[in-house]
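Please keep the sequence and the 3D view open while reading.

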Amino acid sequence: MKTAWICGMMAAVHAIDLPFQKYPDCVNGPLAANKVCDRTLSPAQRAAALVAAMTNEEKLQNLVSNSKGAPRLGLPAYNWWSEALHGVAYAPGTQFRKGPGSFNSSTSFPMPLLMAAAFDDDLIERIGTVIGIEGRAFGNAGFSGMDYWTPNVNPFKDPRWGRGSETPGEDVLRVKRYAASMIRGLEGPGPERRVVATCKHYAANDFEDWNGATRHDFNAVITPQDLTEYYLAPFQQCARDSRVGSIMCAYNAVNGVPSCANAYLLQTVLREHWNWTEHDNYVTSDCEAVLDVSANHHYAPTNAAGTAMCFEAGIDTSCEYTSSSDIPGASAQRLLTWSTVDRALRRLYQGLVRTGYFDGAESPHAALGWADVNTPESQRLALQAAVDGIVLLRNDGTLPLPVDGHNNLTRPPKVAMIGFWADAPEKLSGGYSGTPAFLRSPAFAARQAGWQVKTAGGPVLQGEGSANDSWTAPALDAARDAEYILYFGGLDTTAAGETKDRMTLDWPSAQLALIKRLSQLNKPLVVLQLGDQLDATPLLSLAGINALLWTNWPGQDGGTAIVQLLSGRKSPAGRLPVTQYPSNYTQLVPMTDMALRPSGSSPGRTYRWYPTPVLPFGFGLHYTTFQARFLNNFSNSSFDPLLFPFSSQQNDHKTTIKIHTRDLLRFCDNHNHHSPHNHKYKDTCPLPPLHVGITNTGTRFTSDFVALAFLRGEFGPRPYPLKTLVAYSRVRDVKPMMMKGKEDDHEMGMAVAKLEWTLGDLARRNESGDLVLYPGRYEIVVDEPEQDSVAFEVVGEEVVLDVWPRENK
């Protein structure tokens with residue numbers, strides 16, 4: 001979304017000084033006589049009563065994002081377009097008070113890609129809860145609606161994609177669990193939703209504008225196998241498993257049919273196969289996507305025909321900057337039926353009923369207000385999210401810097417903080433942001449910590465040898481008397497974003513030239529990278545660079561997080577949620593190639609298929625060292641009568657047991673019988689957790705550790721993935737096993753990571769898209785790089801866990 005709005009609306013949204021969203025009066029207004037105000041009725045009955053009272057003209061005027069309401073009935077206008085990607089953000093339906101006063105800011109968390117790098121589902125749910133509470137508070141005050149178009153769950157498979165940092169990364173399991181956690185936090189435990197969350201963009205929306213193709217006219221040609229296992233899997237989590245309140249369909253076509261006019265996606269898969277019908281949840285188009293059906297995809301002869309196609313296929317509202325669909329024309333030409341109109345409106349207003357939109361003070365969320373925004377707890381959480389996600393990519397022992405008692409340094413360090421974002425707080429937020437209560441740059445945080453700081457700017461995207469080099473001389477001057485040089489480089493939001501993909505994965509040449517000059521000063525040099533992944537080969541191979549950290553966009557307290565990590569007050573433990581590709585990858589794979597598996601024309605996509613990354617998915621260093629080993633506790637698990645020998649044994653795990661597919665299914669049936677949670681879908685059946693012993697083998701630093709479990713093996717259809725993430729968990733504050741500096745070494749013990757996984761994690765999709773449990777040899781490995789492994793063999797017949805619906809051509 002939303003080229004026109006991004007370019008033309010930002011000035012307007014900064015000028016709001018009064019609430020602009022109005023809410024129904026079910027006590028004294030004319031609407032009080034309508035059954036929509038009767039809280040004893042079901043949400044479906046209440047919504048139906050409202051729709052039944054509307055005239056035909058009123059109905060048509062409420063099928064767009066900026067709906068006009070029905071003043072005759074006492075139904076106010078409502079703007080459905082609100083945003084909250086990493087905090088309540090600007091949008092036509094969500095605006096901020098200008099100047100001092102209430103609702104002039106919100107908590108701004110790191111971008112989702114950095115949040116995901118923490119690999120902590122509880123953290124994501126806590127963040128979602130804060131955003132949901134603040135979003136509802138904005139809504140109660142009339143500064144936003146009750147629904148938010150977040151999260152973005154399109155997997156980040158191509159490093160050039162301009163919107164990749166809006167997502168949780170490239171791995172399906174990570175995206176699914178992020179989505180589940182964020183939705184739980186945003187919508188709340190129910191039964192009344194705190195806000196309505198919206199999973200977007202359904203489906204296969206992962207590039208903006210590349211080599212003449214744009215998201216508005218692109219046809220994503222995808223095999224059923226890739227479609228089901230990758231592109232649709234996060235939406236299955238959203239719709240089937242998390243029962244999210246809303247879905248947004250995408251601009252692009254899928255296999256010849258525009259996503260928002262695609263009855264196979266919107267009806268056969270979404271509502272029938274995934275049973276997303278429980279609450280008559282609604283579908284919104286992406287903004288102007290309805291117009292794209294005729295104007296750019298040329299799938300319909302007229303805008304009226306394209307508009308009708310979208311609503312008849314299953315959308316319920318058209319997001320628009322201004323009037324761009326042709327709802328009146330579609331109706332007048334009898335292409336859009338009144339039954340479809342009524343169905344769409346019932347879904348939309350039932351969604352609002354379920355938030356308490358019509359209930360005033362009777363809503364359980366009605367008391368949320370300005371006091372619930374920017375709380376100290378929320379601000380601490382934003383700082384923690386940045387600390388937990390930042391990834392250490394290189395360190396020769398220079399970090400942590402010898403401050404805060406490390407290495408016995410008792411005076412403040414002299415540091416040169418050089419680069420375009422060293423002292424530029426506005427660079428920290430990333431896209432889809434609101435106004436944060438504060439933005440703290442690294443230089444600000446260093447000064448607050450008492451460091452002696454000298455700053456200098458730097459280039460962003462300029463080329464080496466630029467005639468306008470205004471940065472080299474000031475940078476060298478700042479570094480002259482410094483003990484440590486901290487270079488803040490990478491990319492800002494001008495490099496890529498909505499409507500703009502990257503054409504290169506190289507570090508900007510002017511930045512590399514400056515880094516090389518700084519490295520020649522023979523002083524400790526630490527590089528901190530903002531933005532998306534770049535090919536770090538030049539930095540990893542340059543002897544004068546002592547450490548490298550990736551910070552993505554760390555949010556309102558990113559500077560504080562960075563100083564805490566540099567000083568050793570906190571220890572890095574984030575892991576890359578994406579693959580870092582070599583720069584020549586852009587010449588090997590067109591962005592428009594949707595295939596994941598390697599072929600004669602492609603080396604493959606994502607860590608599952610691409611074998612030679614610069615840095616792999618899941619990579620991340622620590623200030624200490626860790627040992628991760630599977631524990632011998634599975635015989636005591638609930639996996640009875642099966643025994644998995646996940647243990648560290650003298651035979652180096654070479655003993656392999658055999659497990660029959662029918663026993664796996666019997667275990668799931670038994671689990672369902674004894675569990676309060678009936679797993680309707682076999683792929684969601686939980687297997688006994690994997691237990692991994694985590695030992696901090698260092699001597700100084702307490703640190704978190706992210707335990708990653710991958711599955712590999714030759715089972716199912718060829719080609720076989722290199723490995724697949726099946727479970728993860730973050731263990732916090734693992735103390736060193738041997739604490740030195742005391743009279744005797746003191747053994748601190750070992751932490752245990754409990755890794756949850758399901759039967760579906762063992763299965764693979766076949767060429768038709770069916771999810772199948774295959775016989776074969778399976779191996780589970782822990783950590784990146786691998787530290788330990790265990791193996792077992794599945795025998796018996798293939799078992800289909802999910803029969804995928806075939807598309808009628």
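In this predicted model, the end C-alpha atoms of residues 102–324 lie 34 Å apart, and the span is 39% helix and 12% strand. The boundaries of this span come from UniProt, where an unreviewed entry places the feature "domain: Glycoside hydrolase family 3 N-terminal" at these positions.

**Nonpolar cores**

The largest nonpolar core has 195 residues, and those that touch the most other members are Tyr 202, Ile 247, Phe 358, Ile 418, Leu 486 and Leu 566.

In α3, which covers residues 43–53, the residues Arg 46, Ala 47, Ala 49, Leu 50 and Val 51 are buried. Among the elements that cover these buried residues of α3 are α4 (56–61) and α14 (338–353).

Gln 21 lies in the loop between α2 (10–13) and α3. Is Gln 21 buried or exposed? Its relative accessibility is 5%, and because buried means under 20%, Gln 21 counts as buried. The side chain of Gln 21 reaches the backbone oxygen of Asn 79 at 3.1 Å, and a polar atom of that side chain also lies 3.2 Å from the backbone oxygen of Gly 93. Apart from its neighbours within four places in sequence, Gln 21 is in contact with Ala 77, Tyr 78, Asn 79, Gly 93, Gly 142, Ser 144 and Gly 145.

**Aromatic rings**

Across the whole structure, a search finds 32 aromatic pairs. One of them joins Trp 80 and Tyr 282 in an edge-to-face arrangement, with 5.4 Å from centre to centre and 75 degrees between the planes. This pair links distant parts of the chain, since Trp 80 sits in the loop between β2 (78–79) and α5 (112–117), whereas Tyr 282 belongs to strand β11 (residues 282–285), 202 residues apart. Trp 80 is buried at a relative accessible area of 1%, and Tyr 282 is buried with a value of 1%.

How are the rings of Phe 626 and Phe 705 arranged? Their centres are 4.8 Å apart and their planes meet at 45 degrees, so the pair is tilted. Here too, distant parts of the chain are linked, with Phe 626 in strand β18 (residues 626–630) and Phe 705 in strand β21 (residues 703–712), 79 residues apart. Phe 626 is buried with a relative accessible area of 12%, while Phe 705 counts as buried at 1% relative accessibility.

Trp 80 and Tyr 282 also belong to one aromatic cluster that they form with Tyr 23, Tyr 78, Tyr 349, Tyr 357 and Phe 358.

**Charges over rings**

| Charged residue | Ring | Distance from ring centre |
|---|---|---|
| Arg 575 | Phe 705 | 5.2 Å |
| Lys 723 | Phe 710 | 4.1 Å |

Methods:
Residues numbered from 1 in each chain as written. Predicted model: local features only at pLDDT ≥ 70, side-chain atom pairs only at ≥ 80, totals over all residues. Heavy atoms only, no water. Buried < 20%, exposed > 50% of the residue type's maximum accessible area, 1.4 Å probe, protein only. Helix = DSSP H or I, 4+ residues; strand = E, 2+ residues; numbered from the N terminus. Contact = heavy atoms within 4.5 Å. Core = buried A, V, L, I, M, F, W, Y, C linked by side-chain atoms within 4.5 Å. Polar contact = N/O pair within 3.5 Å; in protein donor to acceptor, adjacent residues only side chain to side chain. Phe/Tyr/Trp six-rings, centres within 6.5 Å; stacked < 30°, edge-to-face > 60°. Lys NZ or Arg CZ within 6 Å of the ring centre and 35° of its normal. UniProt positions renumbered as here; feature names shortened; annotations may be inferred.
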